[in-house]
Amino acid sequence: MTEAVATTDHKVIRKWVESREGRPAVVGEGVLRIDFGDPEDGFREIEWDEFFEIFEDRKLAFLHQDMLDNGQVSRFNKLIERPN
């Protein structure tokens with residue numbers, strides 16, 4: 001598996017997600033997620049502005065991987081606490 005990198009750059013995050021046909025979503029009481037393919041049960045799609053407002057309020061970073069070791073495009077991502 002190639003290395004995952006973290007970013008807080010909104011343009012990088014949006015480009016990465018949309019290039020994989022993903023979309024921003026929330027689960028339950030506002031837990032951010034990225035949804036791919038058919039909508040997952042319990043996921044509610046949101047606009048990018050709302051996603052990034054929550055992202056900034058919670059001081060999150062977007063951990064993501066571009067490619068798998070076999071050369072396939074990776075969808076690995078995780079929202080993490082920003083490092084200090």
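Let me begin with a term: a residue is called buried under 20% relative accessible area, exposed over 50%, and partly exposed in between. By that rule, glycine 71 is partly exposed, because its relative accessible area is 44%. The model before us is a predicted one.

Glycine 71 sits in the loop between β5 and β6, the latter being residues 77–81. Its C-alpha lies 9.4 Å from that of threonine 2, although the two residues are 69 apart in sequence.

I turn now to the aromatic residues. How many aromatic pairs does a search of the whole structure find? The number is seven. One of them joins tryptophan 16 and phenylalanine 36, and it is edge-to-face because the ring planes stand at 75°, with the centres 6.4 Å apart. Tryptophan 16 belongs to helix α1, residues 10–19, and phenylalanine 36 to strand β3, residues 31–36, so this pair ties together parts that are 20 residues apart in sequence. Both partners are buried: tryptophan 16 has 4% relative accessibility, and phenylalanine 36 has a relative accessible area of 15%.

A second example is stacked: tryptophan 48 and phenylalanine 52, at 5.3 Å centre to centre and with 20° between the planes. These two residues are four apart in helix α2, and therefore about one helical turn separates them. Tryptophan 48 is buried, its relative accessible area being 9%, and for phenylalanine 52, likewise buried, the value is 9%. Both residues also belong to one aromatic cluster, formed by Trp48, Phe51, Phe52 and Phe55.

Next, the charged side chains. The count of salt bridges comes to six. Among them is the contact of glutamate 18 with arginine 14, at 2.9 Å from N to O. Both residues lie in helix α1, four residues apart, about one turn of the helix. Glutamate 18 is partly exposed at 41%, as is arginine 14 at 39%.

Arginine 44 and glutamate 50 form another salt bridge, in which the closest N and O atoms are 3.8 Å apart. Arginine 44 is partly exposed, with a relative accessible area of 47%, and glutamate 50 is partly exposed, with 32%.

A further salt bridge joins glutamate 56 to arginine 82, with 2.8 Å between the closest N and O atoms. This pair links distant parts of the chain, since glutamate 56 is in helix α2 and arginine 82 in the segment after β6, 26 residues apart. Glutamate 56 is partly exposed at 31%, and arginine 82 is partly exposed at 23%.

Which residues form a negative surface patch? They are Glu47, Asp49, Glu53 and Asp57. Of these, glutamate 47 lies in the loop between β4, residues 43–45, and α2, residues 48–57. Glutamate 47 counts as exposed because its relative accessibility is 62%.

Finally, the backbone. Most residues other than glycine have a negative phi. Glutamate 21 is not a glycine, yet its phi is positive, at about 60°. It is placed in the loop between α1 and β2, residues 22–27, and is exposed, with 65% relative accessibility. Lysine 59, also not a glycine, has a positive phi of about 50°. Lysine 59 occupies the loop between α2 and β5, residues 60–64, and its relative accessible area of 54% makes it exposed.

Technical notes. Residues numbered from 1 in each chain as written. Predicted model: local features only at pLDDT ≥ 70, side-chain atom pairs only at ≥ 80, totals over all residues. Heavy atoms only, no water. Patch = residues over 30% accessible without salt bridge, like charges linked within 9 Å, V, L, I, M, F, W, Y side chains within 5 Å. Areas by Shrake-Rupley, 256 points an atom, 1.4 Å probe, with all protein chains shown as cover. Salt bridge = Lys/Arg side-chain N within 4 Å of Asp/Glu carboxyl O. Lys, Arg positive; Asp, Glu negative; His and termini not counted. Charge placed at Lys NZ, Arg CZ, Asp CG, Glu CD. Buried < 20%, exposed > 50% of the residue type's maximum accessible area, 1.4 Å probe, protein only. Phe/Tyr/Trp six-rings, centres within 6.5 Å; stacked < 30°, edge-to-face > 60°.
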